[in-house]
Amino acid sequence: MHSVLEILLARRERGDRDDGHRVALAVEGGGMRGVVSSAMCAVLERAGLTHAFDLAAGASAGALNAAALLAGVADGCTREYAGAFTSRRFINPARLLVGRAVVDVDFVLDYAHPDTLDADRHQRTLDAPVELHCVACDVATARPVDLTGMRDRDALREALLASSRLPWVGGEPVRAADGRRFLDGGLIEPIPLDTALAAGATHVLALLTRPAGSAVPEVGTGLSDRIVSKRLHALNPALVDAYRSRPAAYAATVERIRTEPNVLGVFLPEGSPVPGRLERDPEKIRAAAALATEAAEAALRG
């Protein structure tokens, strides 16, 4: 059995984390593809492993999924990916026609349902004994920033919005209280492995939303890529370089996950279909969640 699993299962058995290790959960996002890591988080939740981690790092939708896990609502979050999150309140391309963002993450944070995502979940995220680290991209430096140590709901909301503010379709960058501006953490560090290690992790369980063997598509000359590149260039030309270098950086991170002895990655099987970033078809989303559940359950069996 992989050392990461051995430590997590031993901690669950003992009921404490007093073993000298610092174990992190690294959660990839990807818009609606985030249902994959959400379903994997739900498997960890049902297995009673949430509090076996010392910290959870997430980028973009991965940050939202990590927050849901710490609040004890990862299963409910997964169900709402194919429910409320497919509504036009959350994703509506027609809003571009009136100069508004296609994706409204505020809706996700405000949404509440007693059977899935209750209104008190954000406070439970803050109160959890597991640190939450939200990866965002600093517009001024074009570098990843670890937003952590949030003490109240406003700070948590700001961190989650900053981590998930997609360029162009998400609207203008999130301006923090200190004046810094942030974009989606997935732009610069889609798999928050380095953030977890920088936070002192000795072992990392990484939940990936792209299937094994897949890669980030190269930035092309299509309309969407041209618009995103133009918007990023207006904010900081260095952001365009980061955007174009994502495929190589992603591949390098996946290789590290596969080869570093204290890092365990959970992947969908090669060739698995996954939802698009703005997917709204509930059946496609449920199918991806089912595949992710099987993959995570298999990983926990060692």
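View 1. R226 and H203 are separated by 23 residues in sequence and by 39 Å in space, C-alpha to C-alpha. This is a predicted model, in which local features need pLDDT of at least 70 and side-chain atom pairs count only at pLDDT 80 or more, while totals for chains, interfaces and linings use all residues. Residues are numbered from 1 along each chain as its sequence is written, and side-chain values use heavy atoms, with hydrogens and water left out.

**View 2. S229 is a buried residue of helix α9**. Helix α9 spans residues 223-235 and includes S229. S229 has a relative accessible area of 9%. Not counting residues up to four places away in sequence, S229 touches V219, V240, Y243 and R244; contact means heavy atoms within 4.5 Å.

**View 3. Helix α1 has buried residues that pack against strands and a helix**. Helix α1 (residues 3-14) has 12 residues and reaches 16 Å from its first C-alpha to its last. This is close to the 16 Å expected at 1.5 Å a residue, the expected span being 1.5 Å times one less than the number of residues. Buried in α1 are V4, L5, I7, L8 and R11. These residues cover an arc of only 165° around the axis, so they lie on the same side of α1; the arc is that of the directions from the helix axis to the C-beta atoms. The packing partners of the buried residues are β1 (23-27), β7 (203-207), β8 (263-266) and α12 (282-300). After α1 comes G15, with a positive phi near 85°.

**View 4. The axes of α3 and α4 cross at roughly 140°**. The axes of α3 and helix α4 (residues 74-81) come within 7 Å. Axes are lines fitted to C-alpha atoms, for helices over the stretch in contact, and angles run from 0 to 180 degrees between N-to-C directions. On the α3 side, A61, N65, A68 and L69 make the contact; on the α4 side, A74, C77 and Y81 do.

**View 5. S60 and W168 have positive phi values without being glycines**. Phi of S60 is about 60°. S60 sits in the loop between β2 (55-59) and α3 (61-71) and is buried, with a relative accessible area of 5%. For W168, phi is near 70°. W168 belongs to the loop between α7 (153-163) and β5 (174-175).

**View 6. The structure holds zero disulfides**. A disulfide is a pair of cysteine sulfur atoms within 2.5 Å. The cysteine sulfur closest to that of C41 is in C77, at 8.3 Å, too far for a bond. C41 is buried, with a relative accessible area of 0%. For C137, the closest cysteine sulfur is in C134, 15 Å away, which is also too far for a bond. C137 is buried, and its relative accessible area is 0%.

Conventions. Helices (H or I, at least four residues) and strands (E, at least two) are DSSP runs, numbered from the N terminus. Buried means under 20% relative accessible area, exposed over 50%, partly exposed in between (1.4 Å probe, protein chains only).
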